[in-house]
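Welcome, and please take a moment to look over the sequence and the model. The briefing below is written for someone meeting this structure for the first time.

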Amino acid sequence: VLLHGGGFSAGNGVEQDGYMGGNFARRHDVVFVSLNHRLNSFGFSDFAAVGGEKYKHSGNVGMLDIVFALQWVHDNIAAFGGDPGNVTIVGQSGGGSKVTIAAAMPAAKGLVHKAFAMSGGSTAASDKTYAEGLGAQILKTAGLKPSQIDKLQQMPWPEYFALANKAAAEYNASLPAGQRYRGFSPVADGIDIPVGDFYTSGRDDVPCVPMILSTTTNEFVSDRDTPEQEKLSREDIVKMLEPRYGENAGAIYDEFDRIFPGNSPFGVYSIVSSSRQNVIRLADNKLAQGQPVYLAWFNWYPHIFDGLPRAFHCLDISFWFNNTDLMYSHTGGGKEPRVLADKMGDALEAFMRTGDPNTGQKDGLPFWPRYTREDGATMILNNVSRVENDPDRQARALMQ
């Protein structure tokens, strides 16, 4: 079951050809489901404090839409040849956050059996106090009393959307800088989504499932449109890193240059700017459940735009789903990406079936060990894939 990207504010289940499930379904004999759900202010306006019992779920209806879809899958997927007892949720970017949140929701227990998050993940949901304050601000901006809250549901959706965004801007402007948030997102209400860090509470009423966490090495930083930055030197890059990392900037640069040799200085900067602190924290939290966790780091560079896009955010989606020829604009198409996609897709299929991505195939990926805090095993995906034990441990320590 694919949960689309776009944060919690945008996107849909068929917005790019990388999301298409036909190739994956045919190659791996699985049923592929994608869905849409309520987003932004339609999915995450929390009126629990001002609307009472009737609105106690309002801050999370976008995620509850996903649970509703998973319940539909549970009840109906056998008619399509699927197994309701073996459902894997998959998502990238914002979809990865949706995966990690759904995998912590009590209502999803028994509906989710494996989870795979790419380039995104949440360790906790948004603060309830903030979310309820934002809901109260929407009512205030609309000029309504709590007893009139139902009038919001009678508004044409464009009007409500404009109202909610205006209220969010006003609310954030009224808060100290350190308390401002991005706006509408899932809420740690203690009802639908647990409060605090996911997976670490010991609760037995939430899903407890194996998980793959995957990121790309160059998520958001590219000089595809500014190739002159390829002329920057190591010294230039270290100066760019110093405002954030101070005297550790040079050592951080050198660590990532060691892990991924052959990059230009700007290429190293791109990897530094896409570091794995958050995904490692998420993996460590997940270990508390005692379930298998596997880490991947995607490092394949397309042969387009002189390779400058590097392993960018969203590139890996088409590999996992055997769609590299559909996403020519991302991969350049052809045999090279297709061969890697076959290996990655086979590993994903194995994980979906067994909770273990190892296929045992001689022409597949190398043996993929479980992640542990001690070893930090990470599958680095490329034409020649390899496993390294926590290769950026020292770099992350320097970045604290």
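What follows is a short tour, from the whole chain down to single residues.

This is a predicted model, in which local features need pLDDT of at least 70 and side-chain atom pairs count only at pLDDT 80 or more, while totals for chains, interfaces and linings use all residues. Residues are numbered from 1 along each chain as its sequence is written, and side-chain values use heavy atoms, with hydrogens and water left out. The chain has 15 helices and 7 strands; these are DSSP runs numbered from the N terminus, with helices being H or I of at least four residues and strands E of at least two.

**The chain as a whole**

- The C-alpha trace spans about 65 × 55 × 40 Å along its principal axes.
- The chain has a radius of gyration of 22 Å, which agrees with the value near 21 Å that a compact globule of 400 residues would have. This radius is taken over C-alpha atoms, and the globule rule is 2.2 Å times the number of residues to the power 0.38.
- Of the 400 residues, 54% count as buried. Buried means under 20% relative accessible area, exposed means over 50%, and partly exposed is in between (1.4 Å probe, protein chains only).
- Among contacts with a separation of 6 or more, 70% come from residues 24 or more positions apart; a contact means heavy atoms within 4.5 Å.

**The sheet**

- The 7 strands form an open sheet with mixed pairing, in the order β1-β2-β3-β4-β5-β6-β7. Two strands pair if DSSP finds at least two bridges between them.
- At the edges are β1 (2-3) and β7 (386-389), each of which pairs on one side only.
- Strands β4 (residues 211-216) and β5 (residues 293-298) are parallel and share 6 bridges. One place to look is Ile212, whose bridge partner in β5 is Tyr294.
- β5 also pairs with β6 in the parallel sense, over 4 bridges, and Ala296 stands opposite Met379 in β6.
- β6 and β7 run antiparallel and are joined by 4 bridges. A hairpin connects β6 to β7 through 4 residues, and Ile380 stands opposite Arg386 in β7.

**A covered strand: β6**

- In a regular strand the side chains alternate between the two faces of the sheet.
- β6 is mostly covered, with 5 of its 5 residues buried.
- Ala377, Met379 and Leu381 are buried on one side of β6, and Thr378 and Ile380 are buried on the other.

**Helices against the sheet**

- Helix α11 (residues 277-287) lies across β4 and β5, and runs at about 165 degrees to β5. Axes are lines fitted to C-alpha atoms, for helices over the stretch in contact, and angles run from 0 to 180 degrees between N-to-C directions.
- Helix α14 (residues 335-354) packs on the sheet and touches β2 (88-92), β3 (114-118), β4, β5 and β6 (377-381). The direction of α14 makes about 145 degrees with that of β3.

**Charged pairs**

- Side chains of opposite charge can pair when their charged atoms come close. Here a salt bridge is a side-chain nitrogen of Lys or Arg within 4 Å of a carboxyl oxygen of Asp or Glu, and the count by this rule comes to 22.
- Asp342 and Arg27 form a salt bridge, with their closest N and O atoms 3.7 Å apart. Asp342 lies in helix α14 and Arg27 in helix α1 (residues 22-28), so this pair ties together parts that are 315 residues apart in sequence.
- Asp342 is partly exposed at 24% relative accessibility, and Arg27 is partly exposed at 41%.
- Asp225 and Arg224 meet in a salt bridge (3.0 Å, N to O). Asp225 counts as exposed at 58% relative accessibility, whereas Arg224 is partly exposed at 39%.
- Glu388 and Arg386 also meet in a salt bridge (2.7 Å, N to O).
- Salt bridges that share partners join Arg276, Asp390, Asp392, Arg393 and Arg396 into one network.

- Asp316 lies in the loop between β5 and α12 (317-320).
- Asp316 is buried yet has no salt bridge, and the nearest side chain of opposite charge, Arg276, is 12 Å away.
- Leaving out residues up to four places away in sequence, Asp316 touches Met118, Ser119, Ser214, Thr216, Phe298 and Met344.

Terms used:
Lys, Arg positive; Asp, Glu negative; His and termini not counted.
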